[in-house]
Amino acid sequence: MAKQQVIVPDIGADAAEVIEWMVQVGDEIAVDDSLLVLESDKASMEVPSTLAGTVVELLVNIGDSLSEGAAIVLVETADAAEPAQVAEEPAETNKTEAAVQPEVQEALVEAPNNQPVSAGKHSVLVPDIGTDDAVEVIELSVSVGDEVEEGDTLLVLESDKASMEIPADASGRVLEIAVAVGASLKQGDLIGVLEVAGRVDAPPARAQEPKQEAAPAAPAAPKAVPEQPKTAPVAKATASSSEVVYAGPAVRKLAREFSIPLEQVSGSGPRGRILKEDLHTFVQQRLSKPEAATVSVGAGIPAVPAVDFSQFGPVREEALSKIGKVTAANMQRSWLNVPHVTQYDDADVTDLEAFRASLKDEAARKGTKLTPLPFLLKACAVALKDNPKFNASLSADGESIIYKEYVHIGFAVDTPAGLLVPVIRDVDKKGLWELAEEVLELAALARDKKLKPAQMQGACFTISSLGALGGKGFTPIVNAPEVGILGVSKSSVQPVWDGSSFVPRTMLPLSVSYDHRVINGADGGRFMNQVVALLSDIRRLTL
């Protein structure tokens with residue numbers, strides 16, 4: 001036997017938090033079995049095992065921040081299969097077993113500890129599941145009459161920490177299922193009975209008993225057979241029960257952050273298990289009921305009445321995508337928590353557009369495309385450095401402002417799956433051509449759903465452009481914990497008075513929204529004025 005560590009593979013992020021364990025000490029695992037769940041700001045991921053064996057030690061805790069190469073668990077692996085030890089039986093065994101009643105003989109074909117199984121009825125018991133506590137049955141994978149192979153999953157058990165599949169320890173036909181969904185099981189409890197076909201394996205080993213003289217009229221007493229475990233009772237899951245709440249660590253953590261009482265949440269998972277979506281639904285319901293709402297979820301917000309739209313004509317209902325749900329939740333959170341102010345202005349981009357058009361052939365030679373976005377990124381980077389309140393975030397307790405010494409800017413990309421915001425790092429240190437290439441690369445990854453979590457994290461500011469769609473202006477929602485966002489609409493040629501006459505100029509509508517807790521009107525005005533000036537005279541970008 002050898003002990004080896006499983007380490008964190010490339011997770012596409014600098015670090016991620018451990019939010020849930022999927023194994024426990026003592027568990028038998030195979031290659032690719034999930035060990036734990038990591039979560040970053042943008043995504044969650046299961047980390048698979050690269051080893052097969054027994055979990056000896058968990059090397060990290062819930063809440064730890066891990067990066068690539070960190071050790072997760074210590075696994076004891078088998079160097080080679082060890083032959084089973086078969087004890088020699090006395091010659092009297094056959095006579096002894098012949099005197100045992102038929103129902104006792106059936107019980108003797110059970111095969112605890114993975115011993116070989118002989119023909120007959122075989123009782124399948126709950127193996128070592130790594131805990132002495134009862135674990136709930138959340139799914140039955142077979143039915144009476146099914147043919148199963150050794151290793152096939154019979155049912156799924158789930159505790160507050162992990163779910164596990166219980167495999168068959170023999171091949172045969174399912175004669176009886178002794179449990180139901182909702183039952184609570186422990187090691188040794190009866191799962192069901194299989195009708196097992198004959199095999200050439202030797203019968204289960206029995207310890208040799210010392211020879212004793214017995215009177216001819218009194219045959220040797222049969223070996224005692226353990227009492228067959230009783231069928232576990234089905235757990236009664238009721239909406240009013242507050243003693244047992246089925247929820248994983250990630251859900252419990254989210255509930256703590258939003259002060260949500262889990263015993264009041266209705267779970268939509270197996271056997272009432274609470275999912276993250278259930279917390280979102282609970283908050284929405286609280287928001288729609290002022291009399292039951294609390295300050296933490298937004299008191300006093302009137303309800304949006306439910307309407308049966310089918311009464312007016314044909315309808316079609318589609319579930320929100322995962323990205324759509326996350327976007328909706330983030331936008332609602334930002335709108336409720338951030339006091340928004342939006343300022344509007346127009347930038348004269350006539351010279352910028354002429355300069356961009358003059359570089360069209362050079363862009364083609366470079367194999368790229370110079371859109372207005374790289375100029376917007378550069379202008380915002382300069383303005384963020386000169387107006388540090390826009391390049392900051394309010395601390396979680398609201399007691400301080402965190403100023404950032406780096407300039408990372410996100411830009412919104414409309415994809416078939418929903419809105420994604422890739423982030424370009426160190427915009428202030430990059431040239432227009434480099435930014436142009438990075439914009440095209442990240443936008444393509446976003447549309448192909450290939451963005452890594454690290455590529456959507458760390459933004460100080462966001463640009464949301466609707467220029468390709470038209471419009472004269474809009475109010476972008478601040479992407480908290482950022483404190484500002486620039487909205488860009490469609491440019492148009494307008495007559496502008498130059499002091500002596502009206503001349504045609506290309507004007508670009510801009511709108512900047514900001515968190516009024518950090519930025520006041522004067523700060524917002526200065527930021528917008530600088531962005532407009534930089535776009536109107538791109539020579540200033542070189543200063």
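This is a short talk on a few places in the structure shown above.

Hi everyone, and thanks for coming. Before we start, please keep in mind that we are looking at a predicted model.

Let's begin with a pair of helices. Please find helix α8, which covers residues 372–386, and helix α10, which covers residues 521–536. Their axes come within 9 Å and cross at roughly 140°. How are α8 and α10 placed relative to each other? An angle over 145 degrees would count as roughly antiparallel, and 65 to 115 as roughly perpendicular, so this pair is oblique. The crossing of α8 past α10 is right-handed.

Which residues make that contact? On the α8 side we have Phe375, Leu376, Ala379, Cys380, Val382, Ala383, Leu384 and Asp386. On the α10 side, Phe527, Gln530, Val531, Leu534 and Leu535 take part. Sorted by class, the contact has 11 nonpolar residues, 1 polar and 1 charged.

Cys380 is buried, and its relative accessible area is 0%. Cys460 is buried too, again at 0%. How many disulfides are there in the whole structure? The search finds 0. As a reminder, a disulfide is a covalent bond joining the sulfur atoms of two cysteines.

Next, a charged residue. Asp515 belongs to strand β27, residues 502–515. Is Asp515 buried or exposed? The cut-off for buried is under 20% relative accessible area, and Asp515 has 2%, so it counts as buried. Setting aside neighbours within four places in sequence, Asp515 is in contact with Val338, Pro339, Val478 and Val483.

Now let's move to a loop. Ile62 sits between β6 (53–58) and β7 (65–66). With a relative accessible area of 41%, Ile62 is partly exposed. Which residues does Ile62 touch, if we don't count those up to four places away in sequence? They are Val18, Ile19, Glu20 and Trp21. Also have a look at Leu36: 26 residues separate it from Ile62 along the chain, while their C-alpha atoms are 9.4 Å apart.

Our last stop is Gln332, in helix α5, residues 322–337. Gln332 is partly exposed, at 33% relative accessible area.

Notes. Residues are numbered from 1 along each chain as its sequence is written. This is a predicted model: local features need pLDDT of at least 70, side-chain atom pairs count only at pLDDT 80 or more; totals for chains, interfaces and linings use all residues. Side-chain values use heavy atoms; hydrogens and water are left out. A disulfide is a pair of cysteine sulfur atoms within 2.5 Å. Buried means under 20% relative accessible area, exposed over 50%, partly exposed in between (1.4 Å probe, protein chains only). Axes are lines fitted to C-alpha atoms, for helices over the stretch in contact, and angles run from 0 to 180 degrees between N-to-C directions. Helices (H or I, at least four residues) and strands (E, at least two) are DSSP runs, numbered from the N terminus. Angles under 35 degrees count as roughly parallel, over 145 as roughly antiparallel, 65 to 115 as roughly perpendicular and the rest as oblique. A crossing is left-handed if the near helix is turned anticlockwise from the far one by less than a right angle, and right-handed if clockwise. Contact means heavy atoms within 4.5 Å. Ala, Val, Leu, Ile, Met, Phe, Trp, Tyr, Cys and Pro count as nonpolar, Asp, Glu, Lys and Arg as charged, and the others, Gly among them, as polar.
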